[in-house]
Amino acid sequence: MAKIIAVANQKGGVGKTTTSVNLAACLAAKKKKVLLVDCDPQGNASSGYGIDKSALEQTIYHVLIDNAGIREVIQPTEFKVDVLPANIELAGAEVELVAAISRETRLKKALDTVRDDYDYIIIDCPPSLGLLTLNSLAAADSVLMPIQCEFYALEGVAQLMKTIELVRNNLNADLAVEGVVMTMYDSRTKLAEQVVAEVRSSFDTAVYKTMIPRTVRLSEAPSFGQPILYYDKKSKGAEVYMKLAKEVISRG
């Protein structure tokens, strides 16, 4: 049965999609069966795997709103990772789900039908705390929080922790904090060290030892529709995401 990890932080630009895309690829390289769920209307996780969003006949939107069969919507990729894709249609789901029955648990019900097919299911959440994120947290076993090494790093994390607590109380009592991964790390700056120290004081052992640096190659890879492991497997970005995958596996 798959472990389901939601990659979430309602603050934008913290590396959620970069982490989702590259962690999934590195887990697959470790011989794990992986499904990447794109739950962001921007669909960047889908395009990060070379999927043409405009050509999709069915997406996660149809799974959530029309009860489409999830197996028919999942796209296999050349990178040994299956993807449940998204495009801009998903933006309408936030509104349409408001009046829907079991609106917070639709993704959970869909993923339960394929859970035995995978070792890991990684959900790339949108940068908000709306119904799409609630669906992701209700479906997940744990939450991985990317936090960037910048001045406002902890801004919004307190709100996310409150949301996690609400989900535990009402939808998913077993939801755990998988861990915190520091992104956009620059060892040359004192600020980065200060932010890491502050995050470690707040989350202690939940903070992964692996920190994701700012690199040009990581920024380039999505425009070529490839995870960093395939775009440049010798790059620093590929190296650190492989280390992160090892940590995720070792935490069970």
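Trainee: Is Arg-115 buried or exposed?
Mentor: Arg-115 counts as buried, at 12% relative accessibility. Buried is under 20% relative accessible area, exposed is over 50%, and partly exposed is in between (1.4 Å probe, protein chains only). Keep in mind this is a predicted model, where local features need pLDDT of at least 70, side-chain atom pairs count only at pLDDT 80 or more, and totals for chains, interfaces and linings use all residues. Residues are numbered from 1 along each chain as its sequence is written, and side-chain values use heavy atoms, leaving out hydrogens and water.

Trainee: Which residue does Arg-115 form a salt bridge with?
Mentor: Asp-141, with the closest N and O atoms 2.4 Å apart. Arg-115 sits in the loop between helix H6 (106–112) and strand S4 (120–124), and Asp-141 in the loop between helix H7 (131–139) and S5, so the pair ties together parts 26 residues apart in sequence. A salt bridge here is a side-chain nitrogen of Lys or Arg within 4 Å of a carboxyl oxygen of Asp or Glu. Helices (H or I, at least four residues) and strands (E, at least two) are DSSP runs, numbered from the N terminus.

Trainee: And how exposed is Asp-141?
Mentor: Asp-141 is partly exposed, at 26%.

Trainee: How many salt bridges in the structure?
Mentor: There are 11. One of them joins Lys-243 and Glu-239, 3.5 Å between the closest N and O atoms. Both lie in helix H12 (residues 236–250), 4 residues apart, about one turn of the helix.

Trainee: Switching to H9, which residues are buried there?
Mentor: Ala-192, Val-195, Val-196, Val-199 and Phe-203. On the other side of H9, Lys-190 and Ser-201 are exposed.
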